[in-house]
Amino acid sequence: MTATDMSAHAPARDGQRFVRSVAIEPSPPPSSIVGPIAWMREHLFTGPVNIILTLLIVALGLYVLPGLIRFMFIDAVWSGADREACIITPERPVVGACWAFVRDRAAYFTYGAYPMPQRWRVDVFFTLLAVGVVWLLWLRAPRRDIGAIYAFVVLPIVSYLLLVGAPALGLPYVETTLWGGILVTIVCSAVGIVVSLPLGILLALGRRSTMPAAKLISVIFIEFVRGVPLITVLFMASVMLPLFVPYYLQPDKLLRALIGIALFASAYMAEVVRAGLQAMPKGQYEGAMALGLPYVQMMRLIILPQALKVTIPNIVNTYIGLFKDTTLVVIVGIFDFLKAIEAARIDPRWAAPTVSATGYAYAAVFYFTCCYLMSRYARTVEARLAKADKR
């Protein structure tokens, strides 16, 4: 205790007492309770098994990260016009990632063989899609009801006119066989994500329906689609579907793949939604029926909002899996992002030892970034809903 504190607590002369008028500042909590040391003790070193796993992960990181950092950044080649920039020479015995290759082929990775004078249409599509995504996902965005109409009605129509073409509007027709790269990946993912949730909800409600016909159709569809791999569904959509319709009615190859992806994802989404519906307490249904709500209003206003909130992690997990599974469209001749890298890496002009690894590293960064953003947004929504439930 300082002299000031001692004088403050000591009795005053002439029988008077002194009372402190200012509170003493609280002492900081010990480092064993808060701070990085406390966090590590609580999460990384809580027991023998956790300690061993932590040490193994640290050792693995120390073994892998230095080489990865050297390859990706320190020894990387950032500029160049051809393979000469990325080959091993006596003056440069170690060559890392050939980012000059990625810079030279960035447009090809993004647009594929889309005509160069018309690529501004793809840029407009990306911009409109970004606006729709932000408008829907930003919880404080103004007039999100109009945003939903924009995302689910206006955006698909405008995107089709932009990408496919509308000669009456001065937009030349562009065949989907010329589409490629990130454009195809984004289109396949967006269509699958947008279509799978509402169709999955209908299938889940149909499976739980008391009407035998609706239940039978939903069960057969869900079990059949979930019982085969995605590549089989894509083959059926691309090869077998044209056998059942006349030639002049056969859908475009990309459209067939989009239909296959949407149907495949909707079957898995139906099971996710059904799990959420089964998690609802029976009292929720009884309370809605006691209020006299019809079936449609009961589902729309009471049951489905709660069921979807419960299954947010599973819904996002399905979306992430769907986004990565779009790479399988290359099997049926669709020129997606991964196929663009495959085609670019065998170009003789860029025949260098590290070109293939660099292309795949670029694809890994792209897919990881997109999937991480989806996962991060889902965790944010979960935290926000959990906070709202505590109030």
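A disulfide is taken here as a pair of cysteine sulfur atoms within 2.5 Å. The legends below describe close-up views of a predicted model.

**View 1. The disulfide between Cys86 and Cys98.** By the 2.5 Å criterion, the model contains 1 disulfide. The bond joins Cys86 to Cys98, with an S to S distance of 1.9 Å. The torsion about this S-S bond is about 70 degrees, so the disulfide is right-handed. Cys86 and Cys98 are 12 residues apart, and each is placed in the loop between helix 3 (48-74) and helix 4 (99-104). Both cysteines of the pair, Cys86 and Cys98, are buried. Cys188, by contrast, takes part in no disulfide; its nearest cysteine sulfur is that of Cys370, at 14 Å. Cys188 is buried, its relative accessible area being 1%.

View 2. When residues up to four places away in sequence are set aside, Asp75 touches Arg70, Val94, Val95, Gly96 and Ala97.

**View 3. The kink in helix 13.** Helix 13 spans residues 295-310 and has a kink of about 45 degrees at Ile303, shortly before the proline Pro305. Buried positions in helix 13 are Met298, Met299, Ile303, Leu304 and Ala307. An α-helix has 3.6 residues a turn, so residues three or four places apart point the same way. The packing partners of the buried residues of helix 13 are helix 8 (182-207), helix 11 (253-278) and helix 12 (282-290).

View 4. The largest nonpolar core comprises 65 residues, and Phe101, Trp179, Leu183 and Phe337 have the most contacts inside it. Helix 16 (residues 355-390) supplies the largest share of this core, 8 residues. Around Leu183, beyond its neighbours within four places in sequence, the contacts are Thr110, Tyr114, Val122, Phe125, Phe126 and Leu163. Another core, of 17 residues, lies apart from the largest one and includes Ala204, Val273, Ile303 and Tyr319. Ile303 is also the site of the kink in helix 13.

**View 5. Annotated segments on the model.** An unreviewed UniProt entry annotates transmembrane regions that include residues 120-139 and 146-166. Residues 120-139 are 90% helix and 0% strand, with their end C-alpha atoms 30 Å apart.

Definitions and conventions. Residues numbered from 1 in each chain as written. Predicted model: local features only at pLDDT ≥ 70, side-chain atom pairs only at ≥ 80, totals over all residues. Heavy atoms only, no water. UniProt positions renumbered as here; feature names shortened; annotations may be inferred. Helix = DSSP H or I, 4+ residues; strand = E, 2+ residues; numbered from the N terminus. Buried < 20%, exposed > 50% of the residue type's maximum accessible area, 1.4 Å probe, protein only. Contact = heavy atoms within 4.5 Å. Bend = angle between axes of the 7 residues up to and from the residue. Core = buried A, V, L, I, M, F, W, Y, C linked by side-chain atoms within 4.5 Å.
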